Amino acid sequence: MKALHFTGDLTLIEKGVKLLSNKLNFTWASDGTMIQVRQQGTDLIVSKSEDEIKIVFDKPAHFFRGLTLLLKHWDDPSYELHETPHFDLIGPMVDTSRNAVPTIEKIKELLETCSTMGLNQFMLYMEDTYEIPEYPYFGYMRGRYTYEQLKELDDYGFALGIEVIPSIQVLGHLKNPLKWNFAREMKDTEDILLVDEPKTYAFLEKAIQAASKPFRTKKIHIGMDEAHTLGLGRYLQKNGFTNRFDIMNRHLAKVLEITNQLDLEVEMWSDMYFRLGSKTGDYYDPEFDIPKEVVANIPDVKMVYWDYYHHNEAEYHHLLESHKLLEKPIVFAGGIWTWNGIAPNYGKSIASTQAALNACKKQGIQSIYATLWGDDGAETPLDSALLGLQLFAEHQFNEEVSDELLAQRFNEIQNEEMAAFLLLDLFDQTPGVAPNNPDASAVSKIILYQDLLLGLYDETISHFDLTTHYTELAKQLKQAHYSEKISPMFHHYTLLADLLAIKADLGNQLQKAYLAQDKEEMTRQLKTIARAKELVEELRLSHRQLWFEANKPFGWEILDIRYGGILSRIDTTVWRITEWLTDNDPIEELAEMKRPFDGPYLMPEGMIGRNLYHGIISPSKLSDV
C-alpha cells in the first residue's frame with residue numbers, strides 16, 4: 001500500500017481523499033511521498049517527475065480522477081495528464097422507483113466510482129421511495145429512503161465532490177402511491193395528480209419539503225413527464241375539456257409557489273410541452289406547434305431534454321434547437337440502456353451517447369445526466385452500466401472518445417475490461433437484429449420468460465439460429481476477463497447464456513415432435529426440459545444474490561414470482577407431455593398454429609421484439625378486471 005502526503009489546497013478534497021484511500025490502495029502519512037495540490041483554472045493537470053508530483057484542478061471530482069490516474073501510473077518514471085472539462089456538471093441519474101432501491105452502501109460505492117471518473121453530479125430518481133411523515137402509505141413497503149439515509153448519502157457525495165440531487169414526481173408517474181386511499185380525492189387518472197385540487201397541493205408541499213430537506217443542494221427535479229392523460233380523467237369530469245397547455249402551466253406555477261418558498265432551483269422534463277404541441281403526442285415530432293403565448297406563460301424552470309433514442313448527431317442538434325424555443329435553460333439527459341430487459345443494450349447506449357454528447361458540446365450545454373432507468377422491474381444489475389458511465393466521463397474530459405480511449409480509461413480507472421462488458425450487449429444483439437439494436441429488441445428477455453407450451457414468440461424467433469448464438473456467447477463469457485468484484489454478475493450472465501441456448505428453440509422442438517406424433521423425440525426433450533429447469537433455478541439464486549448485495553429486499557418479490565412462474569410452467573409442461581405420452585391426452589397448446597408476434601410495437605426489419613413481462617408470458621390477463 002502506497003504512503004502519500006498531500007500539501008496545498010486541501011479544504012475541498014481532504015475528506016474525500018480519506019474516503020477513497022481503501023479503494024485506491026494508499027494511506028495518508030506524514031512521511032509519505034509528497035503530492036502538491038492546487039485548485040486553479042479550469043483544466044485538470046497531473047504531472048509526475050523525479051523532482052515533484054502535482055495535481056492542478058478546478059472541481060474536487062476532477063482532482064479525484066487525476067489522483068486515480070496518477071496512482072494507476074505510479075510506477076512510471078514520469079506521467080503527464082492534461083484534460084479540459086466540457087461540462088460544468090455531469091453524472092448519473094439512478095432510478096430507485098422500479099422495484100430496485102439500492103442500499104446506502106451501494107450508492108456510496110457508486111459515488112466513489114463516479115468521483116474517480118471525475119463525475120460531479122448524481123441524481124436520485126424517487127417516485128415514492130422517500131419518506132413523507134404525514135403520508136405513511138407513501139412508499140409503504142417499497143424500500144423508501146429515510147431522511148437520515150438521504151442525508152448520509154448527501155454528506156458522502158459532498159465529501160467526494162459530487163452534488164446529490166433529488167428527483168421526484170409532482171404530476172404523473174405516481175401510479176404506485178396513488179393506489180392508496182389517501183390519494184382518492186387528488187387523483188386525475190390512475191397515475192396523474194388532479195390539478196387545481198387543494199389536497200393535491202397540500203400533499204405536494206409536504207412531498208417537496210421531505211424530498212429536498214436532506215440535501216445541501218438547492219436543486220430539485222420535479223419530473224412532470226409522460227402525463228399522457230393529463231386533464232382527461234376526473235379533471236375532465238369536473239371541469240370539461242380544458243386547454244392542456246393551460247393545465248400544465250397552471251399546475252407548474254402552483255408547484256413553483258412551493259419551491260420558491262423553499263428557495264429551490266427547479267428542473268423538469270421537457271417532453272409534455274412537445275407532446276401537447278404534437279398531433280400524434282410524439283415528443284420528437286418535427287411538426288410540433290407550441291403557441292407563443294404558451295411559451296410566454298411557462299414559469300421559470302430549467303428544461304431537461306431527455307433523449308436516448310437517436311443515433312445521428314444532426315437529430316440532436318435539431319432537437320436542441322427546438323428546445324431553445326421554450327426560452328428556458330436546457331439540461332440534457334442521455335441514457336445507459338439498463339432498461340432494455342435482462343441485459344444492457346450497449347450498442348444503442350454507445351451510439352446514442354456519442355452522437356448526443358458531441359452535439360451538446362457544440363451547443364454549449366453545461367449540465368448532463370446519464371439516466372439508468374429500471375423499467376419493468378429493474379431486471380438488469382446496476383453494475384452492468386459501469387462501462388456506460390465511463391463513456392459519459394470520457395466525453396467530459398475529451399473532445400472525441402474513441403473505442404481505444406474508452407477501453408484504456410475503463411481499465412485504468414475501474415480495473416475492468418471493455419471487451420467483457422460489451423459481451424453483455426450480445427444478449428440482445430442477435431442474428432436478425434439490426435446493428436446497434438436501434439429498436440431495442442429484447443431477445444433474451446423474451447426467451448427467458450416466454451412459455452414452453454404457448455410460445456408467443458416461437459414463430460418469430462424460429463427464423464434465426466439463436467441456439468448457436470447463445471452457445472457461443474456462453475463460451476465467450478466463460479473466457480472473459482473481469483475483476484473479482486464484478487465476478488458474481490458475470491457468473492449470472494453466463495448462466496443466462498447457457499439457459500437461453502437451451503430454451504431458444506425448445507418450444508418449437510416440442511411442437512414439432514407433437515405435431516409429428518413422435519413420442520420418442522418428445523421423451524428425449526423431457527431431458528432437455530429438466531436441464532432447463534435446473535438452470536432457471538441456478539439463475540434465480542444468482543440473481544437473488546446480486547439483488548440482495550446491491551438493493552433493499554423490497555421489490556425482489558416480483559422477480560421471485562417471475563422466476564417461480566417459469567419453474568411452475570415447466571412443471572406443468574412436463575405433466576402435459578407425460579399425460580400425452582402415457583394416456584394420449586391432447587396438448588391443445590402445441591396443436592395451435594404459431595403466428596408471428598404482432599404488437600405492442602411495430603416490428604420493422606431488424607427488430608425481433610420487445611415487450612413487458614406480462615405481454616411475453618401469455619395473451620391472457622395477468623391481473624385486471
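This is a predicted model: local features need pLDDT of at least 70, side-chain atom pairs count only at pLDDT 80 or more; totals for chains, interfaces and linings use all residues.
Local features required pLDDT of at least 70 and side-chain atom pairs pLDDT 80 or more, while totals for chains, interfaces and linings use all residues. Residues are numbered from 1 along each chain as its sequence is written, and side-chain values use heavy atoms, with hydrogens and water left out.

A disulfide was taken as a pair of cysteine sulfur atoms within 2.5 Å. The count of disulfides is zero. The closest cysteine sulfur to that of Cys114 belongs to Cys360, 18 Å away, which is too far for a bond. Cys114 is buried, at 1% relative accessibility (buried, under 20% relative accessible area; exposed, over 50%; partly exposed, in between; 1.4 Å probe, protein chains only). Cys360 is likewise buried, with a relative accessible area of 1%.

Helices were assigned as DSSP runs (H or I, at least four residues) and numbered from the N terminus. Helix α3 spans residues 104–117 and helix α4 residues 147–159. Their axes come within 10 Å and cross at roughly 15°. Axes are lines fitted to C-alpha atoms over the stretch in contact, with angles from 0 to 180 degrees between N-to-C directions. The two helices are therefore roughly parallel (angles under 35 degrees). The crossing is right-handed, meaning that the near helix is turned clockwise from the far one by less than a right angle.

Contact means heavy atoms within 4.5 Å. From α3, Ile104, Ile107, Lys108, Leu111 and Glu112 take part; they meet Gln149, Glu152, Leu153, Tyr156 and Gly157 of α4. By class, this contact has five nonpolar, two polar and three charged residues. Ala, Val, Leu, Ile, Met, Phe, Trp, Tyr, Cys and Pro count as nonpolar, Asp, Glu, Lys and Arg as charged, and the others, Gly among them, as polar.

Note on methods: Angles under 35 degrees count as roughly parallel, over 145 as roughly antiparallel, 65 to 115 as roughly perpendicular and the rest as oblique.
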